Amino acid sequence: MLKINNLHASVEDKAILKGINLEVKPGEVHAIMGPNGSGKSTLSSVIAGKEEYEVTDGEIFFDEENIEELSAEERAHKGIFLSFQYPVEIPGVSVTNFIKTAINETRKAKGLPDMPANEMLKLIREKSELLEIDRKFLSRSLNQGFSGGEKKRNEIFQMAMLEPKLAILDETDSGLDIDALRIVASGVNKLKSKDNAVVLITHYQRLLDYIVPDFVHVLYNGRIVKSGGKELAHELEEKGYDWIKEEVNA
Ligand code: ADP
Ligand code: MG
Ligand code: MG
């Protein structure tokens, strides 16, 4: 589904990613961990196609198509979802109306007409029940005064509605409490299938107690320096990152 070969990328002429290789197949969950500043968020932004990042070498294939020339929007329409892609507060636009528009834009890009209203309602009901999201939340203004947990709930709801093939969740270190972690974890576990894949970027070993990854990768200084199974996450929790830095720098 996703294949990254020797990816190099820079921001403002500063090299950040220095040769990333990664392959993600349908049904897999990959966790990407690593010390602060190692390039994790940059990697997710580059995959999603954010414009401030310049790919200087290497390739990204999604469903066997080289996506280098595609805009972030076009990538989203192809089924790549990045958390925090829509962080804006929009007074007067509800959680529901926002996602309706996003779904219809995706359909339009594929040459399809708007989703019929009854079908849309059914989908909203189905997904909000699955995720245990109440009606009141769905009618709130997008992101306005949302708590950390509510932001997560909104993101997971967007993901559930859009049904991406590849979800990239970048769980930054900005004070996620245990409730927010649980919302993310239970959402991901409910939405996971053999046809979709998740790349989970996290500082929190704890999150990986709830979402069990098939693969764990350590990103350090713009490279994946170690890959393993879920036990690698436990090892990192126990020993930190210093031993990895020493291995790399030896
Ligand atoms: P991580 O998510 O692993 O903490 P980041 O990808 O956020 O790491 O950052 C990697 C490096 O790239 C850092 O040195 C950071 O300062 C730099 N960087 C990331 N985004 C930008 C940007 N938009 N402008 C300038 N520097 C950036
Ligand atoms: Mg960071
Ligand atoms: Mg980050």
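Helix α6 (residues 148-162) packs with helix α7 (residues 178-191) at an angle of about 10 degrees, and their axes lie 8 Å apart, where axes are lines fitted to C-alpha atoms, for helices over the stretch in contact, and angles run from 0 to 180 degrees between N-to-C directions. That angle makes α6 roughly parallel to α7, since angles under 35 degrees count as roughly parallel, over 145 as roughly antiparallel, 65 to 115 as roughly perpendicular and the rest as oblique. From α6, the residues Gly 148, Gly 149, Lys 152, Arg 153, Ile 156, Met 159 and Ala 160 meet Asp 179, Ala 180, Ile 183, Val 184, Gly 187 and Leu 191 of α7; two residues are in contact if their C-beta atoms, placed from the backbone, lie within 7 Å. Sorted by class, the contact of α6 with α7 holds 7 nonpolar, 3 polar and 3 charged residues, with Ala, Val, Leu, Ile, Met, Phe, Trp, Tyr, Cys and Pro counted as nonpolar, Asp, Glu, Lys and Arg as charged, and the others, Gly among them, as polar.

This is a predicted model, in which local features need pLDDT of at least 70 and side-chain atom pairs count only at pLDDT 80 or more, while totals for chains, interfaces and linings use all residues. Residues are numbered from 1 along each chain as its sequence is written, and chains are lettered from A and ligands numbered from 1 in the order in which they are written. The protein chain averages a pLDDT of 92, and 97% of the residues score at least 70, pLDDT being the predictor's confidence in each residue, from 0 to 100. For the model, ipTM is 0.94 and pTM is 0.93.

Turning to the sheets, helices (H or I, at least four residues) and strands (E, at least two) are DSSP runs, numbered from the N terminus, and two strands pair if DSSP finds at least two bridges between them. One open sheet consists of 4 strands in the order β2-β1-β4-β5, with antiparallel pairing; its edge strands, β2 (14-24) and β5 (65-66), each pair on one side only. Strand β1 (residues 2-11) runs antiparallel to β2 and is joined to it by 8 bridges, with Ala 9 partnered by Leu 17 and Ile 4 by Leu 22. The hairpin of β1 and β2 has 2 residues between the strands, and Glu 12 takes a positive phi near 45 degrees there. Another 8 bridges join β1 to β4 in the antiparallel sense, and here Ala 9 stands opposite Val 55. Strand β4 (residues 53-62) pairs with β5 over 2 bridges, again antiparallel, and Phe 62 stands opposite Glu 65.

A further open sheet has 6 strands in the order β6-β9-β10-β3-β11-β12, and its pairing is mixed. Because β6 (80-82) and β12 (223-228) stand at the edges with a single partner strand each, one side of each is left without a neighbour in the sheet. Neighbouring strands of this sheet are turned by 20 degrees against each other on average, direction ignored. Within it, strand β9 (residues 166-171) and strand β10 (residues 197-202) pair in the parallel sense over 6 bridges, Asp 170 having Ile 201 as its bridge partner in β10.

Ligand 1 is surrounded by Val 11, Glu 12, Ile 16, Gly 34, Asn 36, Gly 37, Ser 38, Gly 39, Lys 40, Ser 41, Thr 42 and Glu 52, a residue being near a molecule or strand if its C-beta atom, placed from the backbone, lies within 6 Å of it. The largest share of this shell, 3 residues, comes from helix α1 (residues 40-48). By class, the shell has 2 nonpolar, 7 polar and 3 charged residues.
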